[in-house]
Each structure stands twice: as C-alpha cells, then as structure tokens.
Amino acid sequence: MGKLGIWELLVILAIVLLIFGPKALPKLGESLGKTIGNFKKGLEDDDEDKEKDKNKKDAAEARDGED
C-alpha cells in the first residue's frame, strides 16, 4: 500500500466536506483528536500494566530462587 500524496488527501478532504458540510468539520476534527488521544493513552496504560506484571513475575521468581 503506497503513501498518500497531496492530491489524494485533497480528494478525501473534499469528499468529507461534501458529506458532512463545513459546519460539522470542526466538531468532527475535535472528536477525531479526542479519539486518537484516548487510543494513545490506552496503549500507554497497557504498556505500563505489562511492565508491572513483568516486574511482579521477576520479583516472584527471585523470591522462589532464594528458597
């Protein structure tokens, strides 16, 4: 799949403008921005949870090795 060029982006923007209208575009952009932000936050939280689980597993293995 190739990269999107400027002309492709302009065509997509024109289609979105025709479908939603100029008044709805700011709301649509805001919603999209919030969605992307929440998605990134979810990914970071997931990475933190995995790191915590790994640390707990490592600590449990270290305790088992001491016995």
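A: Gly21 follows helix H1 and has a positive phi, near 85 degrees. Helices here are DSSP runs of H or I with at least four residues, strands are runs of E with at least two, and both are numbered from the N terminus. The model is predicted, so local features need pLDDT of at least 70 and side-chain atom pairs count only at pLDDT 80 or more, while totals for chains, interfaces and linings use all residues. Residues are numbered from 1 along each chain as its sequence is written, and side-chain values use heavy atoms, with hydrogens and water left out.

H1 itself covers residues 6-20. The expected span of a helix is 1.5 Å times one less than its number of residues. For the 15 residues of H1 this gives 21 Å, and the end C-alpha atoms are 21 Å apart, so the two values agree.

Val16 sits in H1. Beyond its neighbours within four places in sequence, Val16 contacts Gly21, Leu25 and Leu28, where contact means heavy atoms within 4.5 Å. Leu28 is twelve residues from Val16 in sequence, and their C-alpha atoms are 9.9 Å apart. Even with these contacts, Val16 counts as partly exposed because its relative accessibility is 24%. Buried means under 20% relative accessible area, exposed means over 50%, and partly exposed lies in between, with a 1.4 Å probe and protein chains only.

Ala14 is also in H1. Its relative accessibility is 36%, so Ala14 too counts as partly exposed. Ala14 and Ala59 are 45 residues apart in sequence, with 56 Å between their C-alpha atoms.

The whole chain gives the setting. The protein has two helices and zero strands. Its radius of gyration is 23 Å, whereas a compact globule of 67 residues would have one near 11 Å; the radius is taken over C-alpha atoms, and the globule rule is 2.2 Å times the number of residues to the power 0.38. Along the principal axes, the C-alpha atoms fill a box of roughly 70 × 30 × 15 Å. Of the 67 residues, 1% count as buried. The accessible surface comes to about 6400 Å², and 62% of this belongs to carbon and sulfur atoms; areas come from the Shrake-Rupley method with a 1.4 Å probe.
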